[in-house]
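Have the structure open while you read.

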Amino acid sequence: MRVGVIGTGHVGLITCTSLASVGHRVVGCDADPGKVSDLVAGRMPFHEPGVEELLKAHLADGTLRFTTATAEAVDGADVVFICVGTPPRASGEANLLAVEQAAREIARAATGPLVVVEKSTVPAGTAARVQRTLVLERTDLVDGLDVVSNPEFLREGQALHDAMHPDRILVGASSPRAFEVMRRLYGPFLSDDVRLIETDITSAELAKHASNAFLALKISYANALARLCEASGADVEAVTGVMGADPRIGPEFLRAGLGFGGYCFPKDLVAFGHLAQRLGYPFPMLAEVARINDEAIDAALGKIRDALWNLEGKRIALLGLSFKPDTDDVRFSPALALARRLVVEGARVVGYDPVAGAMAKQEVPELELAENAYEAARDSHCVVICTAWDELRELDLAKVGELVAFKIVVDGRNLLDAAAVVEAGFSYHPMGRPGQSPPMGGSRA
Ligand code: UGA
């Protein structure tokens, strides 16, 4: 089938490459000419494992092209995806201007019947707006333009795997023709294990926000438990381990730590809250989920303060700066939220990340960047694990111990082996678990 994709960010580019890889002919379109010329040359605009290889392969075999002209992506297409950004406005509401503009441009460029797919995360009711926009632009094509809601469930860092091996594909539509087109489009991804779930449009839109908010809620539940465990002497990993063994609860997204970040959960929670307000059901639980998430940063800061007393002039090494491992995305990163708080308190903050250092420095200019974890740790008074990169799990703790000023580790992700850290002479301060110190008190703090 012929597919156009408007917007080549994380969602758009994965959509382009995954659909090209099953034989569809895809044209990706982006308003940013620099990005398009990079993509045409096979250069990735962000770090996402496995995508560059597919990008190069399908540029080479001609199934994937990029352009700045919407008309080129729409001309002759069976399906056009809207994958533009929906950033938060100052109020926290989703800004849908780019969605409206994309819908307008698609309508103007349409040459015949077309299924317009809303893939960007949008509040329920947006598809109806898109449909109205299409009709206003093209009275001549009223019966030929179908709108579909097809939210994505991709995780950054595993996006390609999630796209190629989805656990479900959600299609919200209102016409048999639109369902039929989407079934054909996604046919190559379906199997006995992978279902295409068909709903009405509004339910599909709502299901995306509901899923993200529920996952965020699970994390905040674990973080609230972490605070309770710290107060009681229990171990949050033990508690969530027991909970997760119940298949009705499940073990995923119960990891306590510095909390969730990224461009999805924090902004989707707020946008979902706004939608709920607008619909007359305030859904106060959502604000509480966000508050507990902020509290995780307070908790980590409290541990650093407890260990170091005053923070002015202290050198703190933050290991891991991206919002989670395997991505260079630092948007709403808990590591950077912590960095900002430490800077305000007068600490010198040194950061290291395998791929996100430059991005982090743009967000927090006061951050000193180190070439590797050991350089970050050199002369530091406290080492803080902020992101669960595998590389950090493998740290040579004896070497770190020789470099630091004080042997103190705050483990914001409960990543390290407590016994090994203490064995190397550090005092160890995890999240929601009892702290441990070496018998003789390895720290000079
Ligand atoms: C999330 C959802 O998982 C995807 O299903 C969804 O498609 C995507 O948002 C989106 O709306 O586009 P993503 O933001 O890439 O994906 O990241 P996650 O893997 O969900 O992690 C989000 C945050 O939660 C990270 O900061 C992570 O460190 C944190 N987290 C995750 C925890 O603190 N504890 C956990 O147990 C799990």
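Let's start with the second largest cavity, which has a volume of about 30 Å³. Keep in mind that this is a predicted model. Its lining is made up of V383, I385, L395, L397, V400, V409, L416 and F426. Two elements, β12 and α17 (397–403), each give two or more residues to that lining.

What classes do the residues of this lining divide into? There are eight nonpolar residues, no polar ones and no charged ones.

## The largest cavity

How do we find gaps like this? Rolling a probe the size of a water molecule over the atoms shows where empty space is left. Here the count comes to two cavities of 30 Å³ or more. The largest cavity holds about 50 Å³ of space.

Around the largest cavity you'll find T86, P87, P88, G92, E93, A94, T121, H209, K267, D268 and A271. Helix α11 gives the most to this lining, with three residues. By class, the lining has four nonpolar, four polar and three charged residues.

## The second largest pocket

Now for a pocket. The second largest pocket has a volume of about 510 Å³. It is lined by 21 residues, and the closest to its centre are L96, G125, T126, R129 and R278.

Which helix gives the most to this lining? That would be α6, with six residues. The helices α5 (97–109), α6 (126–137) and α11 (265–279) each supply at least two residues. Sorted by class, the lining of this pocket has ten nonpolar, four polar and seven charged residues.

## Around the ligand

Next, find the ligand. It is surrounded by 20 residues, and the closest are E152, E156, K208, N212 and R255. One is 2.6 Å from an N or O atom in the side chain of K208. A polar side-chain atom of K324 lies 2.9 Å from a ligand oxygen, and a polar backbone atom of F153 is 3.4 Å from a ligand oxygen.

## A closer look at E152

E152, one of the residues closest to the ligand, sits in the loop between β6 (145–149) and α7 (159–164). Is E152 buried or exposed? E152 counts as buried because its relative accessibility is 6%, and the cut-off for buried is under 20%.

The side chain of E152 reaches the backbone nitrogen of L154 at 2.7 Å. Leaving aside neighbours within four places in sequence, E152 is in contact with V11, K119, T121 and K208.

## Helix α13 and its cover

Our last stop is helix α13, which runs over residues 334–344. Which of its residues are buried? They are P334, A335, L336, L338, A339 and L342.

What covers the buried residues of α13? The cover includes the helices α12 (285–308) and α14 (357–363), along with the strands β9 (315–319), β10 (348–352) and β12 (382–385). Just after α13 ends, G346 takes a positive phi of about 90°.

Notes:
Residues numbered from 1 in each chain as written. Predicted model: local features only at pLDDT ≥ 70, side-chain atom pairs only at ≥ 80, totals over all residues. Heavy atoms only, no water. Buried < 20%, exposed > 50% of the residue type's maximum accessible area, 1.4 Å probe, protein only. Helix = DSSP H or I, 4+ residues; strand = E, 2+ residues; numbered from the N terminus. Contact = heavy atoms within 4.5 Å. 1 Å grid on protein atoms, 1.4 Å probe; cavity = no way out; pocket = protein on both sides within 12 Å on 5 of 7 lines; lining within 4 Å. Points joined across faces, edges and corners; volume = space filled by probe spheres on them. Nonpolar A, V, L, I, M, F, W, Y, C, P; charged D, E, K, R; others polar. Near = heavy atom within 4 Å. Polar contact = N/O pair within 3.5 Å; in protein donor to acceptor, adjacent residues only side chain to side chain.
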